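Welcome! Please take a moment to look over the sequence and turn the model around before reading on.

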Amino acid sequence: IYQHVAGKNKRTFRVKGLHMGKTLSFLDKSFWITESDANPKHVACLQLLAMPEHADKDHYVPALFDEIKGFARGTSPFNCYVKTVLGYPIALVPVKKLDMDYHVQLHRIDDVNDREALDGFIAKLHGSRLDPDKPLWQYHFIYDGKAGTFAIYARVHHMYGDGATLVRWFQSGYVSRPNGSTFTPVWALKRLRHKRRETQSGYKRLIAVGHALKTSLDLAVIFLRIFMKVLRVNPHYMPIPFTGTKTILTGQVEPGRAVATMDLGFKRIKQLARRTRSTANEVLLCAFDIGVHRLLQDHGQTFPKALFSNMPINLRKPGEKTTGNKIAIVPVQLAHGEQDPYLRLRQIIINHRIVKHAAQHARPAAFSGYTIAIQSLALVFEWLRISNWVKPIANILVSNVPGPKDRRYLKDSELLACYPISTMTPGGGVNITLMTYSGTANIGMVCCNKNVKSLQVLSRYVTEAFDMLEASVDNPRLKIEDVGEHIHTMPVSIVSEH
């Protein structure tokens, strides 16, 4: 429908009487196109909350559940389903009313404070797929009627946004002080609408063409340098895709998930990063690397070379608050051949900064294009069910999402922790995501459970690895146990420490 307003032609698209929702980028669409029953593409969080002091433990959560179900009109994108043509996603289109029996559900379990049992219950919920004919989100309230705490498992499809976007929405649904009267859940909060883009002039279009050409050149340089590394002409560059180590956690992603949650003091992480001239991400990569090595060694795995981690890079400019997905994911080589945790950290720092240097010397769109290229190939392998035949891009994916620095409340319930639980990447592995909240790193880990039925032991191994890394800075005699690494014996030369 064309409307003539103020002398300008403005287009208004309508579908079944409703205004068309926001358009989708190719990266957004990829999460829909590649979704399957074996590999759902939603991200989630497990929230632990404390009831008010004098609350009726048996009736508080059901009453809160009934109240929240009353908010049956949502705001974008929580009120939008995916409009498709021949299975291809076109846009997010609003619905008139939400099916609250589907979107908000109540569960009573035996003991909400039994963390291992709770993680197992969440794993079953996380392994199922969201209904593609409805808006792509759910809230599950979980309680036992005895404890003064309860849980909320919230999940949202990845095509709605990346981690930075979803955490921003999450924060807007919680308040800094308890409030027992006024309350609006996150899906019903009004958000500012972005201004419609004006028609570009010929000059701006020419500038855009120039940016596209420069982006294409940057992308060509990335692939050229990767090819030079294949030829061993340029060894100091990003890892070559699909050269990761095969383990029992990698390969074709199958139905079923294992989930574990844990905590680390973020102040300790930052202090250790300052002492070692590293970053919080590098410290965590070292602890996760050692922990995953020990987990795999328990299952008889040995390693002739280093494992790899996928590293998400936020491509937004400082202060940018766009929705959707605006990230790149590139592999980083981890540590190998050292029993000193501090020296393993130094290896990771070098390898991590090689990738960061490459990212800083390419346009964000070029790095995003590189991500799409290699991840699309991995998705093709997954779609053809041949992921077991090829080497993975990486063995783990570690991402860090900054959350609220102060305490938050859902109505009059205090938020105790919020553990992000992500989706599985093509080629498998362990996906580890942490969110900082009130001085604590809340960590959620998920993997396919076809070979590893539980990740509870990994949380213990990671805690032990971090403690030893912290202690090794002052005590160089501390060594980690053998983690199944094979070290090739070097021939004796005239250069020797002995």
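Is Leu295 buried or exposed? Leu295 counts as buried, because its relative accessibility is 1%. This residue sits in helix α8, which covers residues 280–298. Setting aside neighbours within four places in sequence, Leu295 is in contact with Leu249, Leu455, Val457, Leu458 and Tyr461. Leu295 and Val452 show how the fold brings parts of the chain together: 157 residues separate them in sequence, while their C-alpha atoms are 9.2 Å apart in space.

With that starting point, let us step back to the whole protein. What you see is a predicted model. Its secondary structure comes to eleven helices and 18 strands. The protein has 498 residues, and 52% of them count as buried. Among contacts with a separation of 6 or more, 78% are made by residues 24 or more positions apart. The accessible surface comes to about 24800 Å², and carbon and sulfur atoms account for 56% of that area.

Now look at another buried spot. His42 is found in strand β5, which runs over residues 42–50, and its relative accessibility of 1% is why it counts as buried. A polar atom of the His42 side chain lies 3.0 Å from the backbone oxygen of His126. The side chains of His42 and Arg155 are also joined, by a polar contact of 3.5 Å. Beyond its neighbours within four places in sequence, His42 has contacts that include Ser128, Leu130, Tyr153, Ser422 and Thr423.

In α2, the buried residues are Tyr60, Val61, Pro62, Leu64, Phe65 and Ile68. Their cover includes α3, β8, β9, β10, β15 and β16. Helix α10, residues 364–383, has 20 residues and reaches 28 Å from its first C-alpha to its last, close to the 28 Å expected at 1.5 Å a residue. Several of its residues are buried, among them Phe367, Tyr370, Ile374, Leu379 and Phe381. Just after α10, Arg385 takes a positive phi of about 60 degrees.

That last detail leads to the backbone. Most residues other than glycine have a negative phi, and most peptide bonds are trans. Arg232 has a positive phi of about 65 degrees, although it is not a glycine. It is placed in the loop between α6 and β11, and Arg232 is exposed, with a relative accessible area of 77%. Arg277 is not a glycine either, and it has a positive phi of about 55 degrees. Arg277 lies in the loop between α7 and α8 and counts as exposed at 62% relative accessibility. As for the peptide bonds, the one from Ser76 to Pro77 is cis, with omega near 5 degrees. Pro77 belongs to the loop between α2 and β6.

Which charged side chains pair up? The structure holds 18 salt bridges, and here are some of them. Arg129 and Glu35 meet through their side chains at 3.6 Å, N to O. Arg129 is partly exposed at 33% relative accessibility, whereas Glu35 is buried, with a relative accessible area of 9%.

Arg268 forms a salt bridge with Glu470, their closest N and O atoms being 2.5 Å apart. Since Arg268 lies in helix α7 and Glu470 in helix α11, the pair ties together parts that are 202 residues apart in sequence.

Phe26, Ile33, Val85, Leu86, Tyr88 and Ile90 form a nonpolar patch on the surface, and together they have about 610 Å² of accessible area. Helix α1 and strand β7 each supply at least two residues of this patch. Ile33, one of its members, is found in helix α1 and counts as partly exposed because its relative accessibility is 43%.

Conventions:
Residues numbered from 1 in each chain as written. Predicted model: local features only at pLDDT ≥ 70, side-chain atom pairs only at ≥ 80, totals over all residues. Heavy atoms only, no water. Patch = residues over 30% accessible without salt bridge, like charges linked within 9 Å, V, L, I, M, F, W, Y side chains within 5 Å. Areas by Shrake-Rupley, 256 points an atom, 1.4 Å probe, with all protein chains shown as cover. Salt bridge = Lys/Arg side-chain N within 4 Å of Asp/Glu carboxyl O. Helix = DSSP H or I, 4+ residues; strand = E, 2+ residues; numbered from the N terminus. Buried < 20%, exposed > 50% of the residue type's maximum accessible area, 1.4 Å probe, protein only. Polar contact = N/O pair within 3.5 Å; in protein donor to acceptor, adjacent residues only side chain to side chain. Contact = heavy atoms within 4.5 Å. Expected span 1.5 Å × (residues − 1).
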